[in-house]
Amino acid sequence: MKNKCADLHIHTTASDGTFSPRRVVREAAKRGIHAIAITDHDTVQGIPGAIKAGKDMNVEVIPGVELATDERGVELHILGLFIDWENKTLQDTLKNLSVQRISRMKKMICRLAQFEMNIKFEEVLELAKGGIIGRLHLAQVMKKKGYVVSIAEAFNKHIGDRKACYVQRYKLSLEETILLIYRVGGISILAHPMLLHRDDIIIDLLKKGLGGIEAFCNHQSKESAEHYEKMAKEYGCLVTGGSDCHGEAKDRVLMGSVRIPYEYVERLKEYKESMS
């Protein structure tokens with residue numbers, strides 16, 4: 001138990017990752033990761049395949065989802081861990097979010113056309129391979145067609161938050177997000193808190209029923225991780241960590257770049273047990 005580790009924030013081809021659920025599990029096993037959470041954006045389609053692969057490869061797969069919401073004009077990403085992914089209310093809600101994503105993508109493509117970047121919706125849809133469509137898919141098409149030299153440029157110049165071709169998408173409210181996760185037996189976790197630069201918002205989230213903070217994540221300093229871990233302890237909430245791996249969709253494969261001791265998973269399980 002002492003040497004076991006976990007990565008609790010991973011995406012698959014069900015959303016904007018490039019690794020299939022089975023390959024995600026295989027990569028985890030290869031990297032010596034004992035437990036992973038599948039946390040695709042607005043979908044749970046990757047969970048059953050990952051669970052099956054996990055049994056074959058002796059990797060524990062925790063069902064999860066990542067939902068976006070807003071608080072005081074700031075976008076937040078909330079992970080739901082240990083969810084009942086087969087719950088009908090959850091499935092219906094995610095289906096509606098998927099429809100809204102398609103509408104948003106078409107609007108963004110129209111805006112890009114005004115800047116002489118001609119992209120067809122079908123090109124983005126093909127890249128998504130039946131999964132939930134997102135801005136990362138659009139950025140990949142933009143790069144492939146030579147409109148940008150990198151994914152980062154696509155976001156920083158064109159489709160990132162508040163950029164010229166950005167279109168805000170429909171989101172559940174913060175209260176709806178936390179309540180939905182709770183109702184399907186999950187634990188709500190604020191993802192990559194360091195991107196907010198707003199501790200006041202995080203404190204308000206904890207007061208509104210947030211279950212925990214992803215204190216350990218990519219692209220942060222040791223001091224930042226210690227800061228959020230201390231905050232979590234101060235407010236009596238849980239601590240998690242994950243790489244936010246998207247396969248090869250980003251500059252490098254991030255899986256396992258963040259590893260947390262398995263004792264954090266045990267604490268999540270104890271908390272979930274206390275909820276029932």
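**Figure 1. Secondary structure and overall build of the protein chain.** In this predicted model, the protein chain forms ten helices and eight strands. Its radius of gyration is 18 Å, close to the 19 Å that the globule rule gives for 276 residues, so the chain is as compact as a globular protein of that length. Along the principal axes, the C-alpha atoms fill a box of roughly 55 × 40 × 40 Å.

**Figure 2. Burial and contacts in the protein chain.** Of the 276 residues, 55% count as buried. Take the contacts between residues at least 6 apart in sequence: 69% of them join residues at least 24 apart.

**Figure 3. Surface and charge of the protein chain.** The chain exposes about 13000 Å². Carbon and sulfur atoms supply 49% of that area. There are 41 positive and 37 negative side chains. The centres of these two sets lie 4 Å apart.

**Figure 4. The buried side of helix α4.** Helix α4 spans residues 121-128, and its buried residues are F121, V124 and A128. These three cover an arc of only 70° around the axis, which puts them on the same side of α4. An α-helix has 3.6 residues a turn, so residues three or four places apart point the same way. The buried residues of α4 pack against α3 (88-113) and α5 (135-144).

**Figure 5. The exposed face and the end of helix α4.** E122 and E126 are exposed. Both sit on the face of α4 turned away from its buried side. Just after α4 comes K129, with a positive phi of about 50°.

Conventions
Residues are numbered from 1 along each chain as its sequence is written. This is a predicted model: local features need pLDDT of at least 70, side-chain atom pairs count only at pLDDT 80 or more; totals for chains, interfaces and linings use all residues. Side-chain values use heavy atoms; hydrogens and water are left out. Buried means under 20% relative accessible area, exposed over 50%, partly exposed in between (1.4 Å probe, protein chains only). Helices (H or I, at least four residues) and strands (E, at least two) are DSSP runs, numbered from the N terminus. The arc is that of the directions from the helix axis to the C-beta atoms. Contact means heavy atoms within 4.5 Å. The radius of gyration is taken over C-alpha atoms; the globule rule is 2.2 Å times the number of residues to the power 0.38. Accessible areas come from the Shrake-Rupley method with a 1.4 Å probe; for residues, only the protein chains shown count as cover. Lys and Arg count as positive and Asp and Glu as negative; His and the chain ends are not counted. The place of a charge is taken as NZ of Lys, CZ of Arg, CG of Asp or CD of Glu.
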